[in-house]
Amino acid sequence: MSRLRRATQVLGLVLANIGFVGILKLGVPCPFFYCYGCPWAAFACPIGVLQHYSALGLFPFYALGLLGLFGVALGRFWCGWACPFGTVQDIVTWVTRRKTDAVKVKRVPWTKFVVLAGVILAAWIAVDTVFCRVCPAGSLFAAIPHRFASPDLTFGTYFYVHLGTLAAALVAFVLIGRFWCRYLCPLGAVFAAFNPVSVLKVKADMGKCVQCGKCMEVCPAAIEKPEEIENCTDCIRCGKCIEVCESEAIKIDTSLGR
């Protein structure tokens, strides 16, 4: 499963950048966290789109409808299997060879929802996509690439702000695995709301569970109990718990409760 997930993460990054072919710059919101400001981006950033609607004072029927379809189908599977910024966090964890968090912190499910509300409210008040100016994904996938792809552009204060937020994010990733996904990702909050009702779920059969705790030891979302996995808003459906479960108590399920 790990190899398959790495393959889909690479595929997600490739698909996000097929906009280097002009005709493939679709502008449709994608189901993962990626900056539309990237020189080669093919899709619109869903959080950027929601901010635009908020700044204009319009309800985002189209964007929310599309994100709703993504969410109902797979929930936060997109975070664990396709998101390029999630992949960056996994790479940092792999490079540091850290299997557990350097800093032990409790799971706080509501913080990302506060960030989402703050992002939308800030766009409405400022009539601008405020979050885009500090977004660390924008730093990595747009600000830095533009430095090389568009050397004639003038890079001012916000370029260095971007570098600062990216540096802070990378430090956080070293200390706490999937820090952005756990606590701050506004798109993660959108898909988290669909985790309890999504078609694809990760379920634990507590009748088979031997309470060994291995699944929770490898969980990048810091979920504490196997019975919480199914409806947890933090579960990114990465499948690591499935891989280490020797009693085969945890599995991917699409039965919709049947």
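Keep in mind that the model is predicted.

**Helix α2 and what covers it**

- Helix α2 runs over residues 46-56. Its buried residues are P46, I47, G48, V49, L50, Q51, S54 and A55.
- What lies over those buried residues? The cover includes α3 (61-74), α6 and α10 (186-192).

**A closer look at Q51**

- Q51 sits in α2. Its relative accessibility is 0%, so Q51 counts as buried, the cut-off being under 20%.
- Who does Q51 touch, leaving aside neighbours within four places in sequence? Its contacts are V119, I120, A123, T129, V130, F131 and C132.
- Among those partners, V119, I120 and A123 also turn up on the α6 side of the meeting between α2 and α6.

**How α2 meets α6**

- In general, a pair of packed helices is described by the angle between the axes and the distance between them.
- For α2 and helix α6 (residues 111-126), the angle is about 40° and the axes are 7 Å apart. That angle makes α2 oblique to α6.
- The crossing of α2 past α6 is right-handed.
- On the α2 side, the residues involved are I47, L50, Q51, S54 and A55, and they meet L116, V119, I120, A123 and W124 of α6.
- Sorted by class, this contact has 8 nonpolar residues, 2 polar ones and no charged ones.

**The nonpolar cores**

- The largest nonpolar core has 42 residues, and F33, Y34, I47, F85 and L187 are the ones with the most contacts inside it.
- Which elements give two or more residues to this core? They are α2, α3, α4 (77-81), α5 (84-96), α6, α7 (136-149), α8 (157-175) and α10.
- The largest share comes from α3, which supplies 5 residues.
- L187 touches P31, F32, F33, P46, I47 and L67, not counting residues up to four places away in sequence.
- There is also a second, separate core of 15 residues, and C209, C235, I242 and C245 are among them.

**How α7 meets α8**

- The axes of α7 and α8 come within 9 Å of each other and cross at roughly 130°. These two helices are therefore oblique to each other.
- Here the crossing of α7 past α8 is left-handed.
- From α7, the contact uses P136, G138, S139, L140, A143, I144 and R147, while α8 brings F159, Y160, H162, L163, T165, L166 and A169.
- By class, the residues of this contact divide into 9 nonpolar, 4 polar and 1 charged.

**Two loop residues with positive phi**

- As background, most residues other than glycine have a negative phi.
- R178 is not a glycine, yet its phi is positive, at about 55°. You'll find R178 in the loop between α8 and α9 (179-184).
- Q211 isn't a glycine either, and it has a positive phi of about 55°. Q211 is in the loop between β1 (201-204) and α11.
- Is R178 buried or exposed? R178 is buried, because its relative accessible area is 2%, under the 20% cut-off.
- And is Q211 buried or exposed? Q211 is exposed, because its relative accessible area is 55%, over the 50% cut-off.

**A221, a buried loop residue**

- A221 is in the loop between α11 (214-217) and α12 (240-244). Its relative accessible area is 4%, so A221 is buried.
- Leaving aside neighbours within four places in sequence, A221 is in contact with R107, R182 and D234.
- A221 and T254 are 33 residues apart along the chain, and their C-alpha atoms are separated by 21 Å.

Key: Residues are numbered from 1 along each chain as its sequence is written. This is a predicted model: local features need pLDDT of at least 70, side-chain atom pairs count only at pLDDT 80 or more; totals for chains, interfaces and linings use all residues. Side-chain values use heavy atoms; hydrogens and water are left out. Helices (H or I, at least four residues) and strands (E, at least two) are DSSP runs, numbered from the N terminus. Buried means under 20% relative accessible area, exposed over 50%, partly exposed in between (1.4 Å probe, protein chains only). Contact means heavy atoms within 4.5 Å. Axes are lines fitted to C-alpha atoms, for helices over the stretch in contact, and angles run from 0 to 180 degrees between N-to-C directions. Angles under 35 degrees count as roughly parallel, over 145 as roughly antiparallel, 65 to 115 as roughly perpendicular and the rest as oblique. A crossing is left-handed if the near helix is turned anticlockwise from the far one by less than a right angle, and right-handed if clockwise. Ala, Val, Leu, Ile, Met, Phe, Trp, Tyr, Cys and Pro count as nonpolar, Asp, Glu, Lys and Arg as charged, and the others, Gly among them, as polar. A nonpolar core is a set of buried Ala, Val, Leu, Ile, Met, Phe, Trp, Tyr and Cys residues joined through side-chain atoms within 4.5 Å.
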